[in-house]
Amino acid sequence: WRNQFDWKKQVEKLNKYPHFKTKIEGLDIHFIHVCPPNLAEGKTAVPLLMVHGWPGSFYEFYRILPLLTEPAGPDSVVFQVICPSIPGYGFSEAPHKQGFNSVCAARVFCKLMKRLGFNDFYVQGGDWGWLIGTNIAQLQPRNVKGLHLNFASVSKPGLHTVLSLVFGRYFPGLFGFKDHDLKRLFPFMTNVVGETLKETGYMHIQATKPDTAGRALNDSPVGLAAYILEKFSTWTDPQFRNLEDGGLERKFSLDDLLTNVMIYWVTGCIISSMRFYKENLGKGIGTRKHEKLPVRVPTAMACFPNELLHTPRLWAEQKYLNLVSFNYMERGGHFAAFEEPELLAQDIQNFMKKLSGSE
């Protein structure tokens, strides 16, 4: 980073796509809007809102953008993609008042899409993008024509979920469990509770004392890089914990990883990005009204094998009542668009074909 990383070159890469800012609810909201460069006559570009998470940024989507805006197949859907920065992340202004949570971010992004002239659009997300996207579908069910997720968590488990945990290991067919579900869920104390405890220490810090840790990270570029890059190691593959180099270069380039770190460093946004956890989790999981509301918008889930939390189809269906697509992906972890853009783009295309009835 100190001797070889070429920031000017990476800035040129960042500027490959057009950047914009617009003021919504008193906040400067940054976004990129990528349109297909060569749209065939008679074709329309479908608006797709893609929302990142933590510790990512809009840059996560740079590898998938050409696959969506310039798809190879003649029958593929051509998208125009809008990638905003969550307020308090990257080049979006941080909220000035307490209480700005995922519902507030969803409301801002709904207004952004309306301002851009899109009454109907599709949404894709993982990590916080999952929750913000879910909230958008709850707020604007008539406008969101489809919701595609590569991560989901069920905060209010119902009876089916509890029964599946008790009996699913012995009667998997009763709960629709596949081999991957069994592998990820059982033994429960080891594979779910144990693995969750290993990887969620950061969440407890950020949901309780974000400013304390954030202030230290904003004062040390090496500290910031270590804190962020650790997630790109273990959240990509838990086995990378056992490698001396964390396996970082097995799925990513150091230039790309450091570009994401630089977006946090040059904007000084790590504190406000961490504070988003406190706004969403500070009052406890399952305490907010939207967590009790189902989603009726057509939904797809791409289930990547190394995802942090595994959500079987049965559990997802308790929340997403119109789950039209649920696919177990061949490989990949938490940062799907960044790590496996081809797989994610293909799953989005397949979802669109299902919605149109052409598959």
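Modeller: With helices: here a helix is a DSSP run of H or I with at least four residues, numbered from the N terminus. This is a predicted model, and in it Gln10 lies in helix α1, which covers residues 7-14.

Colleague: How many helices and strands does the protein chain have?

Modeller: The protein chain has 16 helices and eight strands.

Colleague: Is Gln10 buried or exposed?

Modeller: A residue is called buried under 20% relative accessible area. Gln10 has 4% relative accessibility, so Gln10 counts as buried. Across the protein chain, buried residues are 52% of the 359 residues.

Colleague: Which residues is Gln10 in contact with, leaving aside neighbours within four places in sequence?

Modeller: Contact requires heavy atoms within 4.5 Å. On that basis the partners of Gln10 are Phe5, Tyr59, Asp255, Asp256 and Thr259. For the protein chain, take the contacts with a separation of 6 or more: 77% of them join residues 24 or more positions apart.

Colleague: What does the radius of gyration say about the protein chain?

Modeller: The value is set against that of a compact globule, which for 359 residues would be near 21 Å. The protein chain has 20 Å, so the two agree. The C-alpha trace spans about 55 × 55 × 40 Å along its principal axes.

Definitions and conventions: Residues numbered from 1 in each chain as written. Predicted model: local features only at pLDDT ≥ 70, side-chain atom pairs only at ≥ 80, totals over all residues. Heavy atoms only, no water. Helix = DSSP H or I, 4+ residues; strand = E, 2+ residues; numbered from the N terminus. Buried < 20%, exposed > 50% of the residue type's maximum accessible area, 1.4 Å probe, protein only. Rg over C-alpha atoms; globule rule 2.2 N^0.38 Å.
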